[in-house]
Amino acid sequence: MIYFDSAASSRPSEAARDAFIYADSYFANPSSVHSAGISANDLISVARKEIAKSVGAKPNNIYFVPSGTFANNTAILGSVQNYAKRGKHIIISDSEHPAVENVCAVLEKSGYRITRLSTKSGKINIDDLKNALYPETVLVSIMAANNETGALYDIPSIASAIKSYNKDILFHSDCVQAYMKVPINVNTFGPDMISVSAHKVHGYKGIGALYVSDKVRLSPIIYGGGQENGMCSGTQATGLIYSFAKAVSEESKLIASAKEHVCRLYNYVSENLVKCGCSINTPENSTYYVLSVVLPSIKSEVMLNYLSGKDIYISAGSACSSHSKTNRVLSSFGLSPKEADCTVRISFDRYNTLDEAQILVESIKEGIGTLAKIK
Ligand code: PLP
């Protein structure tokens with residue numbers, strides 16, 4: 001299997017697997033007051049410290065949640081519920097993940113005004129943001145890295161524009177695709193809230209985290225036993241949490257070397273695909289973990305199936321938008337519907353090799369030749 005689809009879900013690392021197995025004997029309910037429960041809770045405390053350290057936060061600012069989607073929903077709905085009196089205006093970008101866009105679309109139906117900033121060519125114009133800020137703006141939610149194009153947005157400058165207008169406006173950033181790809185330190189980065197997800201950083205699916213600064217109080221979006229300081233009721237998944245932290249501890253040490261390796265793969269694949277008639281969407285300011293490519297008049301699903309037949313895996317646009325008819329993100333980026341239809345996403349990770357990249361390029365080249373003939 002040759003896997004270039006880490007942006008959809010990454011393979012769990014050995015560190016994640018070993019930690020999950022280690023946590024197997026800590027099966028008691030971490031809320032139980034007997035010693036087995038206390039030991040399970042201790043494991044979660046260790047994990048909370050490690051996740052906090054990975055973003056320069058304090059452990060009590062980290063909430064474990066079941067996914068990046070849950071983290072985004074909690075940040076947005078929890079803010080607007082708790083700060084309802086501040087106003088009913090929210091600013092997001094026009095290329096947010098559905099876990100932000102669809103939450104805001106629901107709020108829009110209930111009377112909130114949503115401003116969607118343009119991300120044409122992978123850029124957010126700070127003046128557009130400044131012009132969109134109003135006294136009734138309660139929240140800004142802008143992702144750090146786009147899941148379909150890999151574009152990196154300038155989160156520190158966005159934060160500074162928001163806070164110099166009004167320091168009470170809350171700023172959330174979906175960092176699911178940026179976490180462990182670029183260094184993030186909450187003390188200098190800017191947002192009051194940050195969402196991350198384990199399965200994008202070589203951990204398992206079913207666990208994520210939300211960082212919330214001391215200055216922010218969120219209303220919970222679900223109710224129950226009050227776990228995670230009331231922010232995510234439900235028995236905590238000790239094994240998933242612990243393995244997430246161990247995966248992150250390892251990835252944290254590898255950010256620079258992984259980036260160097262991934263950049264080499266990115267450059268090799270992009271340069272060679274351009275030679276066979278493809279054009280690159282991913283802008284210069286990107287994570288280099290995602291390469292978005294328009295194929296020469298070959299629909300992405302056709303190429304995906306062709307590569308699948310060779311046990312090679314990439315995505316069309318993104319896994320999350322593969323069920324919708326039009327691709328909102330690629331169209332916001334500036335692609336025509338025809339170009340979007342022919343766009344594939346190749347995503348890299350530190351496990352991919354140059355040999356695999358060569359096989360991928362050769363197979364796409366061969367696919368372009370073969371599929372063009374049967375069109
Ligand atoms: N945000 C971004 C940018 C993503 O890429 C994803 C997953 O694709 C999510 C949020 C959702 O994360 P999860 O799959 O953990 O719910």
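In which helix is N72 found? I found N72 in helix α3, residues 68-82 (helices are DSSP runs of H or I, at least four residues, and strands are runs of E, at least two, numbered from the N terminus).

A note on the source: this is a predicted model, where local features need pLDDT of at least 70, side-chain atom pairs count only at pLDDT 80 or more, and totals for chains, interfaces and linings use all residues. Residues are numbered from 1 along each chain as its sequence is written, and side-chain values use heavy atoms, without hydrogens and water.

Next I checked cover: N72 counts as buried because its relative accessibility is 1% (buried is under 20% relative accessible area, with a 1.4 Å probe and protein chains only). Leaving aside neighbours within four places in sequence, I listed A99, V100, H172, D174 and S195 in contact with N72 (heavy atoms within 4.5 Å).

Then the ligand. I found 14 residues around it, the closest being T69, D174, Q177, S197 and K200 (a heavy atom within 4 Å). Helix α3 gives the largest share of this shell, three residues. I also noted a polar side-chain atom of S197 at 2.6 Å from a ligand oxygen atom, and a backbone N or O atom of G68 at 2.8 Å from one.

Last, the core. The largest nonpolar core has 50 residues, and F64 and F244 have the most contacts inside it (buried Ala, Val, Leu, Ile, Met, Phe, Trp, Tyr and Cys joined through side-chain atoms within 4.5 Å). Helix α8 gives the most to this core, six residues.

Key:
Polar contact = N/O pair within 3.5 Å; in protein donor to acceptor, adjacent residues only side chain to side chain.
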